[in-house]
Amino acid sequence: MDETFTLLPLHLDPPSKAISAPTLEQTSSLVTELALLNQTHRQLLTLDTPSQVPPAPLPLNPKRSAQINKMREQGNSMYQKSRSQPSATSEAGKLYSYALEMALLRPAWEPSATVRDEVAVLLANRAQVNISLQAWPEGAADAEGSVEMKRQGNAKAWGRRGKCLVEMGRWEEAAEWVAKGLESEGNDADLRGLMKEIEKKAEQ
């Protein structure tokens, strides 16, 4: 069967770029198709992307997401047991590390924002584990990495690195770091408390 092409006398409105067919019979199918076309055009105009081009679909692997969440939750549960079971602290750290490895090994075509969010949470959690183990340099590194992944809405990571710096006696660096955290987190109460502690120690 040969394909055919029919040129329709469509009209493009210069100001709005809306397409219409005023000289054609306004059948329901034509009205519907033109309405959908103009609606799509309006939606594209609202995109906050270069040249208002829609991004390609970037599906996540649901199995990987489920495994990462499961290991993170297991790490949380294990850490909660650490008060009665000291060995549980290290086990929690291992679970967070396994989850981190899985998150960082996501394929390149998956959204980077998802990876950054996952890594930010897991590094902040592992930083807390290192604080419990008094592994201050490791805790500071993990907390800093968490902040690099997510600067805002991550007050715990800001505070955890600040605490590690305090414990290492790096007062000036701690004060500078917490000040940046307060700027980013909108005067978070815990960060304010840590800053007061640092200022008090510095005066002694």
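A residue is called buried when its relative accessible area is under 20%, exposed when that area is over 50%, and partly exposed in between, with a 1.4 Å probe and protein chains only. The structure discussed here is a predicted model, in which local features need pLDDT of at least 70 and side-chain atom pairs count only at pLDDT 80 or more, while totals for chains, interfaces and linings use all residues. Residues are numbered from 1 along each chain as its sequence is written, and side-chain values use heavy atoms, with hydrogens and water left out.

**Overall architecture**

The protein contains 8 helices and 2 strands, where helices (H or I, at least four residues) and strands (E, at least two) are DSSP runs numbered from the N terminus. Read from the N terminus, the order of elements is β-β-α-α-α-α-α-α-α-α. The radius of gyration, taken over C-alpha atoms, is compared with a globule rule of 2.2 Å times the number of residues to the power 0.38. The protein has 27 Å, whereas a compact globule of 204 residues would have a value near 17 Å. The C-alpha trace spans about 85 × 40 × 25 Å along its principal axes.

Of the 204 residues, 32% are buried. Contact means heavy atoms within 4.5 Å; among contacts with a separation of 6 or more, 48% join residues 24 or more positions apart.

**Nonpolar cores**

In soluble globular proteins, nonpolar side chains tend to be buried together. A nonpolar core is here a set of buried Ala, Val, Leu, Ile, Met, Phe, Trp, Tyr and Cys residues joined through side-chain atoms within 4.5 Å. The largest such core has 15 residues, of which W177, V178, L191 and I198 touch the most other members. Two or more residues of this core come from each of α6 (155-167), α7 (171-185) and α8 (189-203), and α6 gives the most, with 5 residues. Leaving out residues up to four places away in sequence, I198 touches V166, W171, A174, A175 and V178.

N38 and E118 are both placed in helices: N38 in α1 (residues 28-45) and E118 in α4 (residues 112-132). N38 counts as buried because its relative accessibility is 14%; beyond residues up to four places away in sequence, N38 touches K17, A18 and I19. E118 is likewise buried, because its relative accessible area is 15%. Setting aside neighbours within four places in sequence, E118 is in contact with I68, A103 and R106.

K17, one of the residues that N38 touches, lies in the loop between β1 (11-12) and β2 (19-20). Although K17 is not a glycine, its phi is positive, at about 65 degrees. N187, in the loop between α7 and α8, also has a positive phi, near 65 degrees, in a residue other than glycine.

| Residue | Relative accessibility | Class |
|---|---|---|
| N38 | 14% | buried |
| E118 | 15% | buried |
| K17 | 41% | partly exposed |
| N187 | 43% | partly exposed |
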